[in-house]
Amino acid sequence: MTPRDIIAKAWAMTKKETQLRRWGFASALLETLLNIKLLIYQSWFFYLYVIKGETISFFAMEELFLDYMPASAAWTLIIIIFSMVAIELIFPHFAKGAIIGLAAKSHKKQEVKGGLVLALYNCMPIFIVHELFVLGGISTVITIASLMIRYGPAGDFLLLPLALLGFFWVFSNILQFFAAFAEEAIVIHKLGPFAAIAKSMKLIISHLGHVVFLLILLFVISLRIIINIVMILLVPGVVIGVGLLLAQFLSPVVSYTIGSIVGLALTVVASYFFAYITVFKQTVWTITYLELSQLKDLDVISDDVKENI
């Protein structure tokens, strides 16, 4: 299949398979909620550190809850937040196994079912692969940089750690590119994390022109990043704006509760559209992996093994 054929089939599969979109929606929703939490916290830190010249502790938000809310309500909220963060960090890996497996079944004309089994069986290996390249994530780098600024050395001594962090971010993204098919190898061919990375690197190096051309055709996916950033910036702004507006007529608690509900509704609607792009992107790579895996390895010269006598 040509790259254009792969993209056309992936989009048709995305529109056709409801199971894929369900997993994609759940993953997109939780990822968006996690990014919104990160933005709110880092924006608060930026305001206090840059505008007011104050340095906050790692658990400053939790301390704020305990200071201004009843103890039982504060602890309940803290437990809910930490539980949600844990789910938001793990579930995308869980969902990715299901999306890859179901997309592969659809491509092979098999019955598209068993998403939960695929998710459970492949979650840990996919998680291991992701954590090997954890510094490739922009959210992770922002969080680490924030911690360095707060608790690291002051002045020029901080520049070296931040520069090293930037170097490792670039290096991790390069490695992550060559390991792009590792998750597919884990789900489809049941390889371990390191064997899957090795297979991915061999496939990409062997068919680099094909993969790069596919990336160019997929450039539209970068629009998801822009839309995602806009939504992540918009939702907290809507919550605060609605809360401030309603505070003119209602109590602050009721005002910000309504604002939070409106923000959550916007997040759900945005995640519905993100689900299509998430599934489409993953399906493209799954089909590409299946097609490239059928080709003869470039380092294999002959299929016949002859013993030298």
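The following legends describe close-up views of a predicted model.

Local features are reported at pLDDT of at least 70 and side-chain atom pairs at pLDDT 80 or more, whereas totals for chains, interfaces and linings use all residues of this predicted model. Residues are numbered from 1 along each chain as its sequence is written, and side-chain values use heavy atoms, with hydrogens and water left out.

**View 1. Confidence of the predicted model.** The mean pLDDT (the predictor's confidence in each residue, from 0 to 100) is 79 for the protein, and 77% of its residues reach 70 or more.

View 2. Thr 14 belongs to helix α1, which spans residues 3–16. Its relative accessible area is 0%, so Thr 14 is buried (buried is under 20% relative accessible area, exposed over 50% and partly exposed in between, with a 1.4 Å probe and protein chains only). Leaving aside residues up to four places away in sequence, Thr 14 touches Arg 21, Tyr 276, Val 279, Phe 280 and Thr 283.

**View 3. Salt bridge between Lys 96 and Glu 183.** Two salt bridges (a side-chain nitrogen of Lys or Arg within 4 Å of a carboxyl oxygen of Asp or Glu) are found in a search of the whole structure. In the one shown here, the closest N and O atoms of Lys 96 and Glu 183 are 3.5 Å apart. Lys 96 lies in helix α4 (residues 71–107) and Glu 183 in helix α8, so the pair ties together parts that are 87 residues apart in sequence. Lys 96 is partly exposed at 27% relative accessible area, whereas Glu 183 is buried at 13%.

**View 4. Salt bridge between Lys 113 and Glu 111.** The closest N and O atoms of this pair are 3.6 Å apart. Lys 113 has a relative accessible area of 46% and is therefore partly exposed; Glu 111, at 56%, counts as exposed.

Key: Helices (H or I, at least four residues) and strands (E, at least two) are DSSP runs, numbered from the N terminus. Contact means heavy atoms within 4.5 Å.
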